[in-house]
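Reader: I would like to learn how to read a few features of a protein model, one after another. Could we go through them slowly, with the general idea before each case?

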Amino acid sequence: MIAADARPRLAPKVRLRLDAKSGRFMLLYPERGMVLNPTAAEIVKRCTGELTVTEIIAQLAEQYAAQSREAIEREVVEFLDAMTDRGLVRSEP
Amino acid sequence: MSAVAVPEYRPYTLVAELTYRCPLRCVYCSNPLDYARRRDEVDTAGWLRVLREAEELGVVQVNLTGGEPLVRDDLEALVAEAERLELYTNLITSGIPVTRDRLARLRDLGLDNVQISIQDVAAASSDRIAGRRSFDRKLQVARWIKEVGLPLTLNTVLHRENLDRVPEVIALAETLDADRLELANTQYLGWALLNRRALLPTREQLAQARAVAAEARQRLKGRMEVLFVTPDYYVDFPKSCMDGWGRRFLLVSPDGLVLPCHVAHTLPGLTWESVRDRPLGDIWRDSPGFNAFRGEAWMSEPCRSCDRRTTDFGGCRCQAYHLTGNAAATDPACSLAPAHALIEAARREAVDAAPVALEYRTRRAGART
(Lines give C-alpha, C1' and ligand atoms only; values in the text may rest on other atoms or scores of the structure.)
Protein backbone atom coordinates (compact mmCIF):
# COMPACT_ATOMS: atom_id res chain seq x y z
CA MET A 1 0.00 0.00 0.00
CA ILE A 2 1.25 3.46 -0.87
CA ALA A 3 2.83 5.27 2.07
CA ALA A 4 1.28 8.44 3.50
CA ASP A 5 4.46 10.43 2.91
CA ALA A 6 5.07 9.10 -0.61
CA ARG A 7 5.06 11.71 -3.36
CA PRO A 8 3.34 10.12 -6.37
CA ARG A 9 4.02 11.24 -9.91
CA LEU A 10 2.94 10.00 -13.30
CA ALA A 11 5.38 7.54 -14.90
CA PRO A 12 7.39 9.06 -17.77
CA LYS A 13 5.45 7.13 -20.42
CA VAL A 14 2.10 8.56 -19.25
CA ARG A 15 0.41 11.78 -20.37
CA LEU A 16 -2.67 13.50 -19.04
CA ARG A 17 -4.94 15.12 -21.57
CA LEU A 18 -8.30 16.80 -21.57
CA ASP A 19 -10.53 15.11 -24.13
CA ALA A 20 -12.51 17.88 -25.79
CA LYS A 21 -15.14 15.47 -27.12
CA SER A 22 -16.19 14.08 -23.75
CA GLY A 23 -15.03 16.84 -21.43
CA ARG A 24 -13.20 14.22 -19.41
CA PHE A 25 -9.55 13.87 -18.60
CA MET A 26 -7.74 10.91 -20.09
CA LEU A 27 -4.49 9.18 -19.29
CA LEU A 28 -2.58 8.18 -22.38
CA TYR A 29 0.17 5.56 -22.41
CA PRO A 30 1.49 3.20 -25.05
CA GLU A 31 -1.39 1.77 -27.08
CA ARG A 32 -3.87 2.42 -24.27
CA GLY A 33 -6.02 5.17 -22.91
CA MET A 34 -7.98 5.53 -19.68
CA VAL A 35 -10.89 7.91 -19.22
CA LEU A 36 -10.81 9.35 -15.70
CA ASN A 37 -13.89 10.12 -13.66
CA PRO A 38 -13.79 13.60 -12.09
CA THR A 39 -12.38 12.43 -8.74
CA ALA A 40 -9.65 10.35 -10.40
CA ALA A 41 -8.77 13.37 -12.53
CA GLU A 42 -8.37 15.50 -9.40
CA ILE A 43 -6.06 12.90 -7.89
CA VAL A 44 -3.97 12.58 -11.05
CA LYS A 45 -3.59 16.34 -11.42
CA ARG A 46 -1.93 16.33 -8.02
CA CYS A 47 0.53 13.55 -8.93
CA THR A 48 3.40 15.92 -9.60
CA GLY A 49 6.01 14.34 -7.35
CA GLU A 50 5.69 17.29 -4.98
CA LEU A 51 2.59 16.58 -2.89
CA THR A 52 2.51 13.71 -0.41
CA VAL A 53 -0.40 11.30 -0.34
CA THR A 54 -1.51 12.95 2.91
CA GLU A 55 -1.46 16.38 1.26
CA ILE A 56 -3.45 15.09 -1.73
CA ILE A 57 -6.08 13.65 0.59
CA ALA A 58 -6.24 16.91 2.54
CA GLN A 59 -6.74 18.97 -0.61
CA LEU A 60 -9.48 16.69 -1.89
CA ALA A 61 -11.19 16.65 1.50
CA GLU A 62 -11.40 20.44 1.25
CA GLN A 63 -12.71 20.25 -2.31
CA TYR A 64 -15.25 17.51 -1.61
CA ALA A 65 -16.40 18.79 1.78
CA ALA A 66 -19.57 16.68 1.69
CA GLN A 67 -17.57 13.41 1.80
CA SER A 68 -15.96 11.99 4.91
CA ARG A 69 -12.21 12.19 5.12
CA GLU A 70 -12.05 8.42 5.59
CA ALA A 71 -13.97 7.83 2.37
CA ILE A 72 -11.67 10.16 0.45
CA GLU A 73 -8.58 8.58 1.95
CA ARG A 74 -9.81 5.11 0.94
CA GLU A 75 -10.55 6.26 -2.59
CA VAL A 76 -7.21 8.02 -3.03
CA VAL A 77 -5.15 5.13 -1.66
CA GLU A 78 -7.05 2.50 -3.67
CA PHE A 79 -6.69 4.51 -6.85
CA LEU A 80 -2.98 5.21 -6.37
CA ASP A 81 -2.29 1.57 -5.50
CA ALA A 82 -4.04 0.42 -8.67
CA MET A 83 -2.17 2.95 -10.76
CA THR A 84 1.14 1.97 -9.18
CA ASP A 85 0.50 -1.70 -9.89
CA ARG A 86 -0.09 -0.84 -13.52
CA GLY A 87 3.15 1.10 -13.73
CA LEU A 88 1.36 4.39 -14.40
CA VAL A 89 2.28 6.10 -11.15
CA ARG A 90 5.60 6.06 -9.34
CA SER A 91 6.44 7.42 -5.93
CA GLU A 92 9.32 9.62 -4.93
CA PRO A 93 10.66 8.23 -1.62
CA MET B 1 -25.95 2.55 -47.29
CA SER B 2 -26.48 5.53 -45.03
CA ALA B 3 -23.66 6.90 -42.94
CA VAL B 4 -23.30 5.77 -39.35
CA ALA B 5 -22.32 8.72 -37.22
CA VAL B 6 -23.03 7.64 -33.66
CA PRO B 7 -20.58 8.17 -30.78
CA GLU B 8 -20.15 4.39 -30.73
CA TYR B 9 -17.89 4.84 -33.76
CA ARG B 10 -15.14 7.13 -32.61
CA PRO B 11 -11.49 6.57 -33.51
CA TYR B 12 -9.08 6.90 -30.60
CA THR B 13 -5.99 5.71 -32.46
CA LEU B 14 -4.54 6.67 -35.83
CA VAL B 15 -2.19 4.12 -37.34
CA ALA B 16 -0.02 6.20 -39.64
CA GLU B 17 1.73 3.87 -42.09
CA LEU B 18 4.25 6.39 -43.37
CA THR B 19 5.95 4.09 -45.88
CA TYR B 20 6.25 0.48 -46.97
CA ARG B 21 10.01 0.88 -47.42
CA CYS B 22 11.96 -1.12 -44.85
CA PRO B 23 15.46 -2.49 -44.47
CA LEU B 24 14.18 -5.81 -43.08
CA ARG B 25 12.35 -8.75 -44.68
CA CYS B 26 10.56 -10.34 -41.72
CA VAL B 27 8.76 -13.56 -42.56
CA TYR B 28 5.65 -12.49 -40.64
CA CYS B 29 5.44 -8.95 -42.05
CA SER B 30 1.91 -7.55 -42.18
CA ASN B 31 2.58 -5.28 -45.18
CA PRO B 32 0.83 -6.26 -48.42
CA LEU B 33 2.50 -8.97 -50.50
CA ASP B 34 2.56 -6.56 -53.44
CA TYR B 35 3.99 -3.67 -51.42
CA ALA B 36 6.74 -2.99 -53.97
CA ARG B 37 4.20 -1.62 -56.46
CA ARG B 38 3.01 1.14 -54.14
CA ARG B 39 5.53 3.92 -54.57
CA ASP B 40 3.43 7.08 -54.35
CA GLU B 41 3.79 8.16 -50.71
CA VAL B 42 1.74 10.91 -49.08
CA ASP B 43 3.94 13.98 -48.61
CA THR B 44 4.65 15.98 -45.43
CA ALA B 45 1.83 18.47 -45.98
CA GLY B 46 -0.53 15.58 -46.51
CA TRP B 47 0.44 13.88 -43.25
CA LEU B 48 0.24 17.14 -41.29
CA ARG B 49 -3.31 17.56 -42.50
CA VAL B 50 -4.12 13.94 -41.61
CA LEU B 51 -2.88 14.53 -38.05
CA ARG B 52 -5.02 17.65 -37.67
CA GLU B 53 -8.13 16.01 -39.09
CA ALA B 54 -7.57 12.91 -36.97
CA GLU B 55 -7.39 15.01 -33.81
CA GLU B 56 -10.62 16.77 -34.78
CA LEU B 57 -12.26 13.37 -35.15
CA GLY B 58 -11.31 12.42 -31.60
CA VAL B 59 -8.04 10.58 -32.11
CA VAL B 60 -5.73 10.80 -29.08
CA GLN B 61 -2.91 8.39 -30.04
CA VAL B 62 -0.81 8.04 -33.16
CA ASN B 63 1.24 5.01 -34.10
CA LEU B 64 3.98 6.13 -36.46
CA THR B 65 4.76 2.97 -38.37
CA GLY B 66 5.27 1.44 -41.83
CA GLY B 67 7.49 -0.34 -43.20
CA GLU B 68 10.17 1.56 -41.39
CA PRO B 69 8.99 5.09 -40.41
CA LEU B 70 12.53 6.31 -39.77
CA VAL B 71 13.31 6.29 -43.50
CA ARG B 72 11.08 9.39 -43.71
CA ASP B 73 13.15 12.49 -43.12
CA ASP B 74 10.03 14.48 -42.25
CA LEU B 75 9.36 12.42 -39.12
CA GLU B 76 10.48 15.39 -36.99
CA ALA B 77 7.85 17.63 -38.56
CA LEU B 78 5.14 15.03 -37.93
CA VAL B 79 6.15 14.48 -34.30
CA ALA B 80 6.22 18.24 -33.70
CA GLU B 81 2.72 18.63 -35.11
CA ALA B 82 1.42 15.67 -33.12
CA GLU B 83 2.85 17.28 -29.99
CA ARG B 84 1.14 20.57 -30.82
CA LEU B 85 -2.15 18.65 -31.19
CA GLU B 86 -1.50 16.84 -27.88
CA LEU B 87 -1.53 13.46 -29.57
CA TYR B 88 0.36 10.67 -27.84
CA THR B 89 3.00 9.38 -30.24
CA ASN B 90 4.34 5.84 -30.51
CA LEU B 91 7.21 5.30 -32.93
CA ILE B 92 7.11 1.68 -34.07
CA THR B 93 10.44 0.81 -35.60
CA SER B 94 13.04 -1.82 -36.39
CA GLY B 95 15.58 0.65 -35.02
CA ILE B 96 17.98 0.10 -37.92
CA PRO B 97 18.33 3.51 -39.61
CA VAL B 98 18.57 5.85 -36.61
CA THR B 99 21.27 7.78 -34.75
CA ARG B 100 21.38 8.63 -31.06
CA ASP B 101 21.16 12.32 -31.97
CA ARG B 102 18.03 11.80 -33.98
CA LEU B 103 16.37 10.00 -31.07
CA ALA B 104 17.26 12.93 -28.80
CA ARG B 105 15.83 15.38 -31.31
CA LEU B 106 12.60 13.41 -31.60
CA ARG B 107 12.40 13.30 -27.81
CA ASP B 108 12.78 17.08 -27.66
CA LEU B 109 10.02 17.49 -30.23
CA GLY B 110 7.66 15.51 -28.01
CA LEU B 111 7.89 11.84 -29.03
CA ASP B 112 6.26 9.84 -26.23
CA ASN B 113 7.26 6.22 -26.73
CA VAL B 114 9.48 4.10 -28.95
CA GLN B 115 8.67 0.50 -29.74
CA ILE B 116 11.52 -1.51 -31.12
CA SER B 117 11.18 -4.99 -32.54
CA ILE B 118 13.53 -7.85 -31.74
CA GLN B 119 13.00 -11.06 -33.63
CA ASP B 120 14.77 -13.39 -31.17
CA VAL B 121 17.28 -13.30 -28.31
CA ALA B 122 20.45 -14.01 -30.24
CA ALA B 123 21.88 -12.66 -33.46
CA ALA B 124 21.80 -15.85 -35.54
CA SER B 125 18.11 -16.62 -34.96
CA SER B 126 16.95 -12.99 -34.89
CA ASP B 127 18.74 -12.14 -38.13
CA ARG B 128 17.32 -15.24 -39.80
CA ILE B 129 13.74 -14.21 -39.07
CA ALA B 130 14.37 -10.59 -40.03
CA GLY B 131 16.05 -11.61 -43.27
CA ARG B 132 19.22 -9.61 -42.62
CA ARG B 133 21.84 -8.84 -40.03
CA SER B 134 20.15 -6.52 -37.55
CA PHE B 135 20.22 -7.84 -33.98
CA ASP B 136 23.31 -6.07 -32.64
CA ARG B 137 22.13 -2.81 -34.12
CA LYS B 138 18.72 -3.18 -32.47
CA LEU B 139 20.28 -3.71 -29.06
CA GLN B 140 22.41 -0.60 -29.55
CA VAL B 141 19.38 1.46 -30.51
CA ALA B 142 17.39 0.10 -27.57
CA ARG B 143 20.15 1.30 -25.24
CA TRP B 144 20.17 4.73 -26.89
CA ILE B 145 16.42 5.03 -26.46
CA LYS B 146 16.80 4.63 -22.69
CA GLU B 147 19.95 6.77 -22.58
CA VAL B 148 18.17 9.75 -24.11
CA GLY B 149 15.31 9.28 -21.67
CA LEU B 150 12.60 7.90 -23.95
CA PRO B 151 10.23 5.14 -22.80
CA LEU B 152 11.07 1.83 -24.44
CA THR B 153 8.65 -0.86 -25.54
CA LEU B 154 10.25 -4.06 -26.73
CA ASN B 155 8.17 -6.08 -29.16
CA THR B 156 8.91 -9.67 -30.03
CA VAL B 157 6.72 -11.45 -32.52
CA LEU B 158 6.33 -15.00 -31.30
CA HIS B 159 5.93 -18.17 -33.30
CA ARG B 160 7.11 -21.77 -33.26
CA GLU B 161 10.75 -20.92 -33.79
CA ASN B 162 11.19 -18.66 -30.77
CA LEU B 163 8.35 -19.38 -28.34
CA ASP B 164 10.53 -21.66 -26.23
CA ARG B 165 12.86 -18.72 -25.58
CA VAL B 166 10.28 -16.47 -23.91
CA PRO B 167 12.24 -16.62 -20.62
CA GLU B 168 15.29 -15.24 -22.40
CA VAL B 169 13.22 -12.58 -24.14
CA ILE B 170 11.95 -11.39 -20.77
CA ALA B 171 15.49 -11.38 -19.37
CA LEU B 172 16.68 -9.35 -22.35
CA ALA B 173 13.87 -6.83 -21.84
CA GLU B 174 14.91 -6.47 -18.21
CA THR B 175 18.56 -5.98 -19.19
CA LEU B 176 17.50 -3.24 -21.58
CA ASP B 177 15.37 -1.64 -18.84
CA ALA B 178 12.30 -1.71 -21.08
CA ASP B 179 9.17 -0.06 -19.70
CA ARG B 180 6.98 -2.45 -21.61
CA LEU B 181 7.33 -5.85 -23.26
CA GLU B 182 4.98 -7.09 -25.94
CA LEU B 183 5.13 -10.84 -26.41
CA ALA B 184 3.01 -10.82 -29.53
CA ASN B 185 2.11 -14.14 -31.06
CA THR B 186 1.86 -13.47 -34.77
CA GLN B 187 -1.43 -13.04 -36.53
CA TYR B 188 -1.70 -15.38 -39.51
CA LEU B 189 -2.38 -13.00 -42.35
CA GLY B 190 -0.17 -11.67 -45.13
CA TRP B 191 3.33 -13.17 -45.10
CA ALA B 192 2.61 -14.98 -41.85
CA LEU B 193 -0.32 -16.83 -43.43
CA LEU B 194 1.99 -17.83 -46.27
CA ASN B 195 4.46 -19.11 -43.70
CA ARG B 196 1.87 -20.53 -41.29
CA ARG B 197 3.00 -24.13 -41.57
CA ALA B 198 6.44 -23.09 -40.40
CA LEU B 199 5.29 -20.65 -37.74
CA LEU B 200 2.18 -21.90 -35.93
CA PRO B 201 3.14 -23.29 -32.52
CA THR B 202 1.60 -26.24 -30.67
CA ARG B 203 -0.84 -25.74 -27.82
CA GLU B 204 1.75 -27.05 -25.37
CA GLN B 205 4.37 -24.58 -26.53
CA LEU B 206 1.89 -21.78 -26.10
CA ALA B 207 0.72 -22.85 -22.65
CA GLN B 208 4.29 -23.05 -21.44
CA ALA B 209 5.14 -19.59 -22.78
CA ARG B 210 1.96 -18.08 -21.35
CA ALA B 211 2.78 -19.42 -17.89
CA VAL B 212 6.26 -17.93 -18.03
CA ALA B 213 4.84 -14.57 -19.11
CA ALA B 214 2.26 -14.61 -16.32
CA GLU B 215 4.94 -15.21 -13.70
CA ALA B 216 7.06 -12.40 -15.09
CA ARG B 217 4.07 -10.05 -15.23
CA GLN B 218 3.49 -10.57 -11.52
CA ARG B 219 7.18 -10.32 -10.59
CA LEU B 220 7.68 -7.12 -12.62
CA LYS B 221 4.44 -5.44 -11.62
CA GLY B 222 4.85 -1.67 -11.49
CA ARG B 223 8.27 -1.80 -13.20
CA MET B 224 7.73 -3.39 -16.60
CA GLU B 225 4.39 -4.06 -18.24
CA VAL B 226 4.32 -7.55 -19.75
CA LEU B 227 1.77 -8.24 -22.46
CA PHE B 228 1.18 -11.70 -23.87
CA VAL B 229 -0.97 -11.79 -26.98
CA THR B 230 -2.33 -15.30 -27.62
CA PRO B 231 -2.73 -16.37 -31.24
CA ASP B 232 -6.41 -16.68 -31.99
CA TYR B 233 -5.81 -20.14 -33.46
CA TYR B 234 -5.82 -21.36 -29.85
CA VAL B 235 -8.79 -19.60 -28.27
CA ASP B 236 -12.45 -20.61 -28.08
CA PHE B 237 -13.80 -17.21 -28.99
CA PRO B 238 -12.22 -14.73 -31.41
CA LYS B 239 -10.60 -11.44 -30.53
CA SER B 240 -12.63 -8.30 -31.11
CA CYS B 241 -10.36 -7.44 -33.98
CA MET B 242 -9.29 -3.75 -33.85
CA ASP B 243 -12.02 -3.39 -31.20
CA GLY B 244 -14.62 -3.60 -33.94
CA TRP B 245 -14.59 -2.68 -37.64
CA GLY B 246 -14.36 1.07 -38.15
CA ARG B 247 -15.01 1.70 -34.49
CA ARG B 248 -11.85 2.65 -32.56
CA PHE B 249 -9.01 2.64 -35.09
CA LEU B 250 -8.19 4.51 -38.28
CA LEU B 251 -5.33 3.48 -40.54
CA VAL B 252 -3.86 5.63 -43.28
CA SER B 253 -1.61 3.75 -45.70
CA PRO B 254 1.52 5.16 -47.36
CA ASP B 255 -0.45 6.03 -50.48
CA GLY B 256 -3.17 7.77 -48.50
CA LEU B 257 -5.91 5.17 -48.35
CA VAL B 258 -8.02 5.29 -45.20
CA LEU B 259 -8.73 1.82 -43.84
CA PRO B 260 -10.13 0.19 -40.72
CA CYS B 261 -7.03 -2.03 -40.47
CA HIS B 262 -3.87 -2.88 -42.39
CA VAL B 263 -5.34 -5.93 -44.11
CA ALA B 264 -8.73 -4.53 -45.16
CA HIS B 265 -7.50 -3.47 -48.59
CA THR B 266 -7.20 -7.19 -49.49
CA LEU B 267 -10.96 -7.72 -49.20
CA PRO B 268 -12.64 -7.72 -52.61
CA GLY B 269 -15.64 -5.59 -53.47
CA LEU B 270 -14.99 -2.80 -50.96
CA THR B 271 -14.29 0.80 -51.94
CA TRP B 272 -11.58 2.72 -50.16
CA GLU B 273 -10.96 6.44 -50.29
CA SER B 274 -7.85 8.54 -50.09
CA VAL B 275 -6.99 11.45 -47.83
CA ARG B 276 -5.95 13.15 -51.07
CA ASP B 277 -9.58 13.24 -52.20
CA ARG B 278 -11.70 13.83 -49.09
CA PRO B 279 -11.40 15.02 -45.50
CA LEU B 280 -10.66 12.25 -43.01
CA GLY B 281 -13.86 12.83 -41.06
CA ASP B 282 -16.04 12.41 -44.14
CA ILE B 283 -14.29 9.16 -45.00
CA TRP B 284 -14.64 7.83 -41.44
CA ARG B 285 -18.36 8.58 -41.43
CA ASP B 286 -19.47 7.98 -45.03
CA SER B 287 -17.04 5.62 -46.71
CA PRO B 288 -18.81 2.49 -48.00
CA GLY B 289 -15.79 0.45 -46.97
CA PHE B 290 -16.01 1.67 -43.38
CA ASN B 291 -19.75 1.13 -43.20
CA ALA B 292 -19.60 -2.35 -44.76
CA PHE B 293 -19.22 -4.09 -41.39
CA ARG B 294 -20.57 -1.59 -38.89
CA GLY B 295 -23.77 -2.41 -37.06
CA GLU B 296 -25.17 -5.97 -37.20
CA ALA B 297 -27.08 -6.19 -40.48
CA TRP B 298 -24.08 -7.72 -42.27
CA MET B 299 -23.65 -10.58 -39.78
CA SER B 300 -24.34 -14.17 -40.70
CA GLU B 301 -25.30 -16.90 -38.27
CA PRO B 302 -24.33 -17.83 -35.63
CA CYS B 303 -23.03 -14.26 -34.97
CA ARG B 304 -26.36 -12.63 -35.71
CA SER B 305 -28.07 -14.40 -32.80
CA CYS B 306 -25.03 -14.70 -30.54
CA ASP B 307 -24.73 -12.85 -27.22
CA ARG B 308 -21.05 -12.29 -27.86
CA ARG B 309 -21.66 -10.24 -31.00
CA THR B 310 -21.44 -6.99 -29.04
CA THR B 311 -18.15 -8.05 -27.44
CA ASP B 312 -16.18 -9.65 -30.26
CA PHE B 313 -18.21 -8.52 -33.31
CA GLY B 314 -17.79 -11.98 -34.87
CA GLY B 315 -14.00 -11.77 -34.91
CA CYS B 316 -11.79 -10.68 -37.78
CA ARG B 317 -13.34 -9.94 -41.21
CA CYS B 318 -10.00 -10.31 -42.96
CA GLN B 319 -9.30 -13.67 -41.40
CA ALA B 320 -12.84 -14.80 -42.28
CA TYR B 321 -12.24 -13.82 -45.89
CA HIS B 322 -8.73 -15.27 -46.24
CA LEU B 323 -9.69 -18.59 -44.73
CA THR B 324 -13.26 -19.05 -46.03
CA GLY B 325 -13.61 -16.68 -48.99
CA ASN B 326 -16.45 -14.81 -47.27
CA ALA B 327 -15.68 -11.64 -45.33
CA ALA B 328 -19.07 -11.71 -43.59
CA ALA B 329 -18.62 -15.23 -42.26
CA THR B 330 -17.98 -15.98 -38.61
CA ASP B 331 -14.23 -15.80 -38.01
CA PRO B 332 -13.10 -19.46 -38.15
CA ALA B 333 -11.09 -18.85 -34.97
CA CYS B 334 -14.43 -18.97 -33.14
CA SER B 335 -15.27 -22.45 -31.86
CA LEU B 336 -18.86 -21.83 -32.98
CA ALA B 337 -17.86 -20.97 -36.55
CA PRO B 338 -19.07 -23.26 -39.32
CA ALA B 339 -15.51 -23.19 -40.72
CA HIS B 340 -13.77 -23.84 -37.42
CA ALA B 341 -12.40 -27.12 -38.81
CA LEU B 342 -9.89 -25.07 -40.82
CA ILE B 343 -8.31 -23.90 -37.59
CA GLU B 344 -8.33 -27.38 -36.10
CA ALA B 345 -6.58 -28.69 -39.22
CA ALA B 346 -3.90 -26.01 -38.90
CA ARG B 347 -3.35 -26.99 -35.26
CA ARG B 348 -2.86 -30.63 -36.28
CA GLU B 349 -0.36 -29.54 -38.92
CA ALA B 350 1.57 -27.70 -36.22
CA VAL B 351 1.87 -30.90 -34.20
CA ASP B 352 3.14 -32.81 -37.25
CA ALA B 353 5.64 -29.99 -37.92
CA ALA B 354 7.95 -31.28 -40.62
CA PRO B 355 10.61 -28.61 -41.29
CA VAL B 356 9.32 -26.07 -43.80
CA ALA B 357 11.28 -23.40 -45.64
CA LEU B 358 10.39 -19.80 -44.80
CA GLU B 359 9.35 -17.40 -47.52
CA TYR B 360 10.81 -13.94 -47.00
CA ARG B 361 9.21 -10.58 -47.62
CA THR B 362 10.42 -9.75 -51.13
CA ARG B 363 9.29 -7.85 -54.16
CA ARG B 364 6.67 -10.28 -55.40
CA ALA B 365 5.07 -7.76 -57.72
CA GLY B 366 2.66 -10.24 -59.22
CA ALA B 367 1.32 -11.70 -56.01
CA ARG B 368 -1.75 -10.64 -54.06
CA THR B 369 -2.55 -11.65 -50.48
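Reader: Is B:Asp243 buried, exposed or partly exposed, and how many other C-beta atoms lie within 10 Å?

Author: Please keep in mind that this is a predicted model. A residue counts as buried if 20 or more other C-beta atoms lie within 10 Å of its own, and as exposed if 12 or fewer do. B:Asp243 has 13 such atoms within 10 Å, so it is partly exposed. This residue belongs to the loop between strand S7 (225–229) and strand S8 (249–252) of chain B, and its phi is positive, about 65°, although B:Asp243 is not a glycine.

Reader: Where is B:Asp177 found, and what is its phi near?

Author: B:Asp177 sits in the loop between helix H6 (166–175) and strand S6 (180–185) of chain B, and its phi, near 60°, is a positive value in a residue other than glycine. With 14 other C-beta atoms within 10 Å, B:Asp177 is partly exposed.

Reader: Which residues of H2(B) are buried, and why do they line one face of the helix?

Author: The general idea is that an α-helix has 3.6 residues a turn, so residues three or four places apart point the same way. In H2(B), the buried residues are B:Leu75, B:Leu78, B:Val79, B:Glu81 and B:Ala82. Seen down the axis of H2(B), these fall within an arc of 165°, so they line one face of the helix. Their cover includes H1, strand S2 (61–65), strand S3 (88–93) and helix H3 (100–109) of chain B.

Reader: At what angle do H1 and H2 of chain B pack?

Author: Helix H1 (residues 44–57) and helix H2 (residues 75–84) of chain B pack at an angle of about 20°, and their axes are 10 Å apart. Angles under 35 degrees count as roughly parallel, which makes H1(B) roughly parallel to H2(B). In their contact, B:Thr44, B:Trp47, B:Leu48 and B:Leu51 of H1(B) meet B:Ala77, B:Leu78, B:Glu81 and B:Ala82 of H2(B); these residues divide into six nonpolar, one polar and one charged.

Conventions: Residues are numbered from 1 along each chain as its sequence is written. Chains are lettered from A and ligands numbered from 1 in the order in which they are written. This is a predicted model: local features need pLDDT of at least 70, side-chain atom pairs count only at pLDDT 80 or more; totals for chains, interfaces and linings use all residues. Axes are lines fitted to C-alpha atoms, for helices over the stretch in contact, and angles run from 0 to 180 degrees between N-to-C directions. Helices (H or I, at least four residues) and strands (E, at least two) are DSSP runs, numbered from the N terminus. Angles under 35 degrees count as roughly parallel, over 145 as roughly antiparallel, 65 to 115 as roughly perpendicular and the rest as oblique. Two residues are in contact if their C-beta atoms, placed from the backbone, lie within 7 Å. Ala, Val, Leu, Ile, Met, Phe, Trp, Tyr, Cys and Pro count as nonpolar, Asp, Glu, Lys and Arg as charged, and the others, Gly among them, as polar. The arc is that of the directions from the helix axis to the C-beta atoms.
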